[in-house]
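Trainee: Before I rely on the words used for this model, I would like to hear what stands behind each of them. Could we go through them one at a time?

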Amino acid sequence: MLRLPQFGIETPSTVEDAVRLLKTPGARVVAGGTDILPNLKHLLDTPPVLVSLAAVSALREVKVEEGALVIGAAVTLTEVSEHPLVREHAPSLAEAAGLVAGPLHRNMGTLGGNVNLDVRCRYVNQTKFWRDALGGGCLKSEGNVCFVVPKGRNCVAALSADTVPVLVSLDATFDLVGGEAPRSTAAQDYYRADGIHHIVKEPEELMIAIRIPVATTPRRATYTKWSVRRSIDFPLVSAAIRFDLDEDSSHGVITAAKVVVGVLNPRPRVVGRLDDVIGKKLSDPAVARIVSEAVHKQCKPLENVPYEAPYRRSMLRVLTRRAVRGLAR
Ligand SMILES: Cc1cc2nc3c(=O)[nH]c(=O)nc-3n(C[C@H](O)[C@H](O)[C@H](O)COP(=O)(O)OP(=O)(O)OC[C@H]3O[C@@H](n4cnc5c(N)ncnc54)[C@H](O)[C@@H]3O)c2cc1C
Ligand code: SF4
């Protein structure tokens, strides 16, 4: 049995108190605990105190405000997947939230926890005993080498959070408090290509809300993931796809396209060079081909999570082609 290390626990009921408690050196937020607690059991971190969001009711609201869908950071994934406002204004986010882990994890796990999920790697999400047997861990744990890129000086563990590619594809922003001043960061700029410090949030900052601009023209969007089992498993590759269509949606002509791929490295990858789909009808078979080929050319998975990288790359091409075809139906 894996034991938790010793730590204190604080349960503030207001955002102000949570922010004050987070100023304790080494303090960490716990929301649903479905990611941070297993990591503590693996001794990947030993914070002196966890600041629980369980009693901060202000972080559990979902509303539409000033042209944006606003979701409190402590709203559970079950609520995100079922909430009528999310299903109406961000159906691909509801879809992705409903695909995270299993039902019990989604009842506990929160959107803020998913957005701030630590990156994952087959060499680090292991017990300390396992890591020691490998010669003392890697750059992200106790060691000074990377087993994925042996001469690399940078951790390239994968961001495996299901909702993140979707939030980037929908141009979401994240509201943070507790730093020098409250600030809002674009989801696309929130992640760094550095698996040790993979988010721009400072440790004393608290994420309070996720904002998604409400679409002003017709939109078709979806999320697709490949994992070994349909339930419980993290994605091994994933993609969020969004097409904006002309005002007269009966034409289905694409005016904008954004495709974001997950589980490559610490940053979600925004796929470029999709200009050839603009002006085409979503029902045009060429669209699925153009998107899946762009994804295949630009996205090269690494050997950081289970299953061989070339196989995951092939799966990504198949997944994106099927997902675009599904949207056209
Ligand atoms: C068996 C298993 C399967 C899983 N499968 C999946 C999967 O398929 N897809 C997937 O995406 N995830 C998966 N997960 C991971 C996890 O369940 C989810 O990512 C979940 O959304 C995490 O949310 P949480 O509230 O439990 O986060 P926590 O564990 O409470 O926190 C996660 C991280 O976010 C930080 N954090 C949380 N809230 C805030 C906030 N408001 N402000 C600042 N920092 C914050 C914490 O400090 C911590 O670093 C799985 C986990 C398990 C155990
Ligand atoms: S990518 Fe390299 S440094 Fe990062 S967790 Fe994996 S083995 Fe460790």
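What follows is a conversation about the terms and the values behind them.

Mentor: Keep in mind that this is a predicted model, in which local features need pLDDT of at least 70 and side-chain atom pairs count only at pLDDT 80 or more, while totals for chains, interfaces and linings use all residues. Residues are numbered from 1 along each chain as its sequence is written, chains are lettered from A and ligands numbered from 1 in the order in which they are written, and side-chain values use heavy atoms, with hydrogens and water left out.

Trainee: Why is Leu206 called buried?

Mentor: Buried means under 20% relative accessible area, exposed over 50%, and partly exposed in between, with a 1.4 Å probe and protein chains only. Leu206 has 2% relative accessibility, and therefore counts as buried. Its place is in strand β8, a strand being a DSSP run of E with at least two residues, a helix one of H or I with at least four, and both being numbered from the N terminus.

Trainee: Which residues does Leu206 touch, leaving out those up to four places away in sequence?

Mentor: Contact means heavy atoms within 4.5 Å, and among the partners of Leu206 are Val15, Leu22, Leu53, Asp175 and Val177.

Trainee: What is the area that domain 1 and domain 2 bury between them?

Mentor: Buried area is the accessible area (1.4 Å probe) that two parts lose on being put together, summed over both. For domain 1 and domain 2 this comes to about 2100 Å², 59% of it on carbon and sulfur atoms. Ala158, Pro165 and Ser169 supply 23% of the area that domain 1 buries against domain 2, more than any other three residues.

Trainee: What makes the meeting of Asp171 and Arg242 a salt bridge?

Mentor: The rule asks for a side-chain nitrogen of Lys or Arg within 4 Å of a carboxyl oxygen of Asp or Glu. The side chains of Asp171 and Arg242 meet at 3.0 Å, N to O, and the rule finds three salt bridges across the interface of domain 1 and domain 2.
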